Each structure stands twice: as C-alpha cells, then as structure tokens.
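Reader: I would like to learn how to read a protein model feature by feature. Please take the general idea first and then the case at hand.

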Amino acid sequence: MTDSAGTPPEPEEPAGAEQPPPSDGPATGETETAGEPHPADEADEADETGDTTKNAEPVEPAETVESVEPSTAAEPAEPVETGETGETGEPNTAAETGAPGEDIDAPAAEAKGRRHWLRWTALGVSVVVLAAAGTGWWFYRKLDGNIQTDTTAAHELDKYEHDRPAAVVHDAQNLLLIGSDSRAGSNSAYGRDDGGSQRSDTTILLHLAADRRSATAVSLPRDLMADIPACGRPDGGSTKAQFAQFNSAFEIGGAACTIRTVEKMTGVRIDHHIVVDFSGFKDMVDAVDGVEVCLKDPVDDRRAHLKLPAGRQTLRGEQALGFVRSRHGFGDGSDTQRMDRQQQFLGSLVKKVQSNGVLLNPARLYPVLDAATKSLTTDPGLNTLGDLYDLVRSMRDIPTENIHFLTVPRQPYVYDGNRDELVQPDADRLFKQVRDDLPIKVVAATDVEKAKEKEKAKEGTEKGDGQDNKPDDPDPSSSPSAPPVYSGTDAASGMCG
C-alpha cells in the first residue's frame, strides 16, 4: 500500500538492490512519503512546528517503501499535494509546515523583516554620523579660515635670529598679545583711518608656566620709553635704532619690531604673538553674553562714547570696548589706571569663558570661537584652529587664582611726565622671574607696601638676622627666597570680587 498522495518514487539504487533494515518508524509501519526533505531537515522543521515525531530515528533518504515489490518500487512518484495526510493519520511534510508561501514562509518573512529593519536603522545611523561629521568639518574649516597669518613678522624675525634671546625653560611658553588701534576697515568707527597706520594700544606679555599650573600676564605701557632696535619697514626699507615711545615700534615695523623691542627690554624669548583688533574684542564679549563690572562712580567719557551709572552691571560690545579704552572718564585719566582696569576686565572675561556655561555648551562656545578667530592675526605656529585649541586646552585647568595680571614696575619719565620709564631693579627682577619660570605674587595696590615689608622680614629671618636662628637650623642661605610681590589682580577676583 502506498501513501495516499501517490506512488512511491523510483529508488536511487537498482530495483533489486538489498534494502536496508526497516527503521523505527510509526507504529503502523508506514514510511514517510518519498521526495520529502532529508529527515534531519524534517526534524528541525518539526521542532519549530511541534511535531511529535521529531525524536524518530533517521532513515535513508528516498529509499524506504512499504513493499519491496519491483513493480511498485519502479514507478515514478507523483507530486505531493499539500495538506494531505498519510494513512497513518500523521501529517506529511508539506502538511506539517504549511502550504508554500503561507506558513512555511512565516519564520523567513519575520527574519527578512528584521534584516530589513536593521538595514534601515544602520543606514539612518550612518546618515546621522556622516551629517554630524560633515557639519563638524564645515565648522572647523570655517573657524580655521577665520585666522589670519602674519608671515611678514616670521620672515623678519628669521633675519635677526642671532640677536634674539634663547629660551631658558623647556615647555614654558611666552606669548605677546598686541591690541591694535588700527582704524582701517571695520575699525573706522573708532577714529580716522590715516592710511592704515597703527600702534599697539595694549601690549601684554603672557607667560605660561611649564607645568601649566599658573599664568602671568604683564602689561607693558604704551607710553613707556624704550630702546627700539633697527627694524624693517613694510616698504622694504629699514629704520635706525632709537630710544622712543614703546608703541611706536608697532607703527614702524609691525609685530616683528614690537617683539624684538620686548625681547631687548626683558631678555624673554617670545614664542608666539597674537594681534587682536577692536571689533574682534567686542564681538568676543558679546559671544559670552557680556562681562560683569562694578563701578564706584558713574562714568561719562564722550571720547570713548561711554556713559555708565555707578554699581554692578554687565557690559557688552561697544560699552565693553569703550570701558577698556577710556582714559578721561576714570580717575586722573592716566594710562596707568586704564591698564589696571583692562587687567581687571580681562580677568573677568577669562573667568566667564572658563565657566561651564561656555566651555561645555557648544551653542555658546561656537560664537566665542568664531568671534575670537575672526579677530586674530597670528604667527605661522598658531595659525590653525588645532594650534589654538592645543594652547587653550593647556590653559584650561589653570586655577583662576593662579592667573595673574600686573603691570611692569614703572614711574613717570624723568624728562617728560607724560611718558613712563621702568623702575629698577624691580622691573629686571620681574623679567628674571618670567624668564626662569619662577613664581610671582600679586596683591591689591593698597596692600603692596605691607606685603613687601612682610617679605623683607621673612628674608631677614631666613638669612639669620632673627634672634631665633638656632645652630641646628638648616642653612638659611639654602632656603628659597619668597616670590617678589607686585601690584595686580587675578582672574578669580574679577571686577566685583
């Protein structure tokens, strides 16, 4: 008797071949329909469908028949109809897994759906990542392109390399920050453009300690009388060495001449320079949503276009620029007071930029970077966003109380009270501390004399002048001397304490 679905298939072995012993099949002795999948495959499918025969012993494929009669064994098998059952009542393979295109495809369709979903998810993530990378790259290129490079200064400095001081401390950095008072271009609103001439309205020697745990910004008065070396002019000529007002060095020979003048004055090797213009400064202040200041008295300076009430207030843009440039609206109108005010303002600005509200907020950080890079002209060693980022990152962890601002010791010039001259030996001692990467202490102007007296008393005790110097004390001369004290402020104090 054959399966009801049709006659048995033609055996793969000759009709007279010895048949294998019957396997443990269904209780009725019926065999599975020929032409069905390999029993191992059937077992797997049965696992999925819950077939109770999944533990049956495997049989040889396409060779088991009900009878060994040659006439029946040689007849070709008919296609198996789906949904039919054998005589035993057990469903055949097609019936077990369902009709083609229906139940048999359900697991495959589900797997295909999962693969389809994963492909679209991966594609979506890829698009987002590429878009973010593309946007980041666009921002980087834009900021990088904002920076202008001063190659002229680099070439000029190379010509005088043999006259420049050598670096003393490895990894310490000395930068010269120059605030240009040029009225050219977008700065024309602040005065008449007289053919592009410019002077250094503000010059700061910024020293970064080798361990990056402190920074010292020393202001150099623009009215300071200084020895200016022979410098190359923009037209290709050169000037003679002269004793003149410090800020004229920038006018006659640009950044290179200013750098060489500072190096001659201080003995400090300048590693990099940055020139900042008026409009860039006010844009930077706007980018951090202003800087807070505290005024004891109201201010009214028509020349600086500045009118402010007394008290605590936040300055933005034009007001901030007028505040740091004003001379006649504050105190006695001296450049000394203006430098002190600039230092306090810069301390407050640094404190604001270091706050989490700016550095950890891309929406606020990008405008700051955009404004900063637009306003900068640097030497080739700092002319990329990556270079500036490395510099800023090295300063990021400096405690604000260790970022000091002070003005080089100076006094009215003996031959002209409207000019300044250095106070010696105080100035040379300060320059040595910077050159050798040694600590510097700053205190409020009202506390300078008291701090100096305390320092002298301490030094006297260390040298053995005190009565309590016992014989078993360490050698007093081996004790490090106290750092010199100067009038100044730090970034932690800000303008409002």
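This is a predicted model: local features need pLDDT of at least 70, side-chain atom pairs count only at pLDDT 80 or more; totals for chains, interfaces and linings use all residues.

**Strands and their partners**

Author: Five bridges join β2 to strand β7 (residues 272-276), and the two strands run parallel.

Reader: How many bridges join β2 to β3, and do the strands run parallel or antiparallel?

Author: Eight bridges join β2 to β3 (residues 200-208), and this pair is antiparallel. Within it, Gly179 has Thr202 of β3 as its bridge partner. As for burial, six of the eight residues of β2 are buried, leaving the strand mostly covered.

Reader: What is the order of the strands in the sheet?

Author: The order is β1-β12-β7-β2-β3-β4-β13-β17-β16, nine strands in an open sheet with mixed pairing. The edges are β1 (148-149) and β16 (441-443), each of which pairs on one side only.

Reader: Which helix packs on the sheet, and which strands are touched?

Author: Helix α9 (residues 335-354) does, touching β3, β4, β13 (403-407) and β17. The direction of α9 makes about 165° with that of β13.

Reader: How should I think about a nonpolar core?

Author: In soluble globular proteins, nonpolar side chains tend to be buried together. Here the largest nonpolar core has 28 residues. Those with the most contacts inside it are Leu176, Val218, Leu220, Phe246, Met265, Val408 and Leu430.

Reader: Which elements give two or more residues to this core?

Author: They are α5 (151-159), β2 (173-180), β4 (215-220), α6 (248-266) and α13 (426-435). Of these, α6 gives the most, with six residues.

Reader: What does Met265 touch?

Author: Not counting residues up to four places away in sequence, Met265 touches Leu220, Leu224, Ala226, Phe246, Leu422 and Phe431. Apart from this core lies another, of 26 residues, among them Phe281, Leu308, Ala320 and Phe323.

**Helix packing**

Reader: How is a pair of packed helices described?

Author: Two packed helices are described by the angle between their axes and the distance between the axes. In this model, α7 (residues 278-287) and α8 (residues 317-325) pack at about 120°, with their axes 8 Å apart. That angle makes α7 oblique to α8. The crossing of α7 and α8 is right-handed.

Reader: Which residues make the contact?

Author: From α7 they are Phe278, Phe281, Lys282, Val285 and Asp286. From α8 they are Gly317, Glu318, Ala320, Leu321, Val324 and Arg325.

**Backbone exceptions**

Reader: What should I look for in the backbone angles?

Author: Most residues other than glycine have a negative phi, and most peptide bonds are trans. Asp171 has a positive phi, near 80°, and lies in the loop between α5 and β2. Asp289 also has a positive phi, of about 65°, and sits in the loop between α7 and β8 (291-295).

Reader: How accessible are Asp171 and Asp289?

Author: Asp171 has a relative accessible area of 46% and is partly exposed. Asp289, at 41%, counts as partly exposed.

Reader: Which residues does the cis peptide bond join?

Author: The cis bond joins Gln424 and Pro425, with omega about 5°. Pro425 is in the loop between β15 (416-422) and α13.

Terms used:
Residues are numbered from 1 along each chain as its sequence is written. Side-chain values use heavy atoms; hydrogens and water are left out. A nonpolar core is a set of buried Ala, Val, Leu, Ile, Met, Phe, Trp, Tyr and Cys residues joined through side-chain atoms within 4.5 Å. Buried means under 20% relative accessible area, exposed over 50%, partly exposed in between (1.4 Å probe, protein chains only). Helices (H or I, at least four residues) and strands (E, at least two) are DSSP runs, numbered from the N terminus. Contact means heavy atoms within 4.5 Å. Two strands pair if DSSP finds at least two bridges between them. Axes are lines fitted to C-alpha atoms, for helices over the stretch in contact, and angles run from 0 to 180 degrees between N-to-C directions. Angles under 35 degrees count as roughly parallel, over 145 as roughly antiparallel, 65 to 115 as roughly perpendicular and the rest as oblique. A crossing is left-handed if the near helix is turned anticlockwise from the far one by less than a right angle, and right-handed if clockwise.
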